[in-house]
Amino acid sequence: MNVILLGAPGAGKGTQATRLAEKYSIPHISTGDIFRENIKKQTPIGVVAKSYIDKGQLVPDEVTVEIVKQRLSQDDCKNGYLLDGFPRNLFQAEELDKFSTVEKVVNIDVDLTKLLKRITGRRVCPCGESYHVDFLNGKTTCAKCGAELYQRADDNEETVASRLSVYKNQTAPLIDYYEKAGKLLVIDGDKTIDEVFSEIVSKLG
Ligand code: AP5
Ligand code: MG
Ligand code: ZN
């Protein structure tokens, strides 16, 4: 099962991907997570990526496409994968079609006006889990692993504005691209995390 999770920043891609990867035993591949890992380790890719991510712009295609191409060629992707945050523009989608066959594209649809609150209130754990301050009841550690939660460097109002405009101009056209390919599943992302998860599972079959 080769699946893409499509959706605006803050739509819930990462939240759902963690759960889906567990349910279907397939790897969750997030280009954002890969870049953040590289930034932390101060690799050459990390240095390049940071300069774009801090501004809310896309990391250049030649860097991003190569990373995904290599990642999907690894053994654990043989029975399927969940791509989160890739592709993000038409060029990346067309490149992906050259080296892998996507079966389903899950578009998590959330009213764009609600995203700023979701993103600025997000707290993340190094283990991959993410939370929202509204539901943490003042807790500052991860319910899954106990580690201290932190805020992503790009989760500030200024960067979010630029991420949303990149989404509208470059990523949203992919909805049409995959609709025409007959691969699109539209999910109402304005429901609770559990409800969104159930809807995805029932539509994926
Ligand atoms: P990336 O890490 O992919 O960030 P993003 O697309 O902006 O998406 P987010 O991670 O912010 O949102 P999400 O949909 O995962 O939401 P989450 O589940 O956490 O990319 C970061 C940067 O890396 C990019 O800006 C770019 O620079 C670069 N990059 C990455 N991929 C690239 C590519 N392919 N090409 C070029 N550059 C690339 O949820 C958000 C919050 O909402 C959380 O607090 C969560 O608890 C809460 N929440 C989730 N679901 C619900 C719900 N149903 N109800 C209420 N709250 C909810
Ligand atoms: Mg994410
Ligand atoms: Zn954790």
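Which strand does asparagine 107 lie in? I looked this up first, and asparagine 107 lies in strand E4. I take helices (H or I, at least four residues) and strands (E, at least two) as DSSP runs, numbered from the N terminus.

Before going on, I note that this is a predicted model, in which local features need pLDDT of at least 70, side-chain atom pairs count only at pLDDT 80 or more, and totals for chains, interfaces and linings use all residues. Residues are numbered from 1 along each chain as its sequence is written, chains are lettered from A and ligands numbered from 1 in the order in which they are written, and side-chain values use heavy atoms, with hydrogens and water left out.

**Asparagine 107**

I checked its accessibility: asparagine 107 counts as buried because its relative accessibility is 4%. Buried means under 20% relative accessible area, exposed over 50%, and partly exposed in between (1.4 Å probe, protein chains only). Leaving out residues up to four places away in sequence, I find that asparagine 107 touches Leu6, Gly7, Ile175, Leu184, Leu185, Val186 and Ile187. Contact here means heavy atoms within 4.5 Å.

**The sheet**

I traced 5 strands in an open sheet, ordered E2-E3-E1-E4-E7, with parallel pairing. Two strands pair if DSSP finds at least two bridges between them. Strand E2 (28-30) and strand E7 (184-188) are the edge strands, each pairing on one side only. E1 and strand E4 (residues 104-109) run parallel and are joined by 5 bridges. Leucine 6 stands opposite asparagine 107 in E4. Helix H10 (residues 193-204) packs on the sheet and touches E1, E4 and E7, its direction making about 155° with that of E7. Axes are lines fitted to C-alpha atoms, for helices over the stretch in contact, and angles run from 0 to 180 degrees between N-to-C directions.

**Helix H5**

In helix H5 (residues 90-99), I find Gln92, Ala93, Glu95 and Leu96 buried. They cover an arc of only 165° around the axis, so they sit on the same side of H5. The arc is that of the directions from the helix axis to the C-beta atoms. The buried residues of H5 pack against strand E1 (2-7), helix H4 (61-72), strand E3 (81-84) and helix H9 (173-180).

**Ligand 1**

I find 33 residues surrounding ligand 1, the closest being Thr15, Thr31, Gln57, Arg88 and Arg122. A residue is near a molecule or strand if one of its heavy atoms lies within 4 Å of it. A polar side-chain atom of arginine 88 lies 2.4 Å from an oxygen atom of ligand 1.

Note on methods
A polar contact is a pair of N or O atoms within 3.5 Å; within protein, one must be able to donate a hydrogen and the other to accept it, and residues adjacent in sequence count only if both atoms are side-chain atoms.
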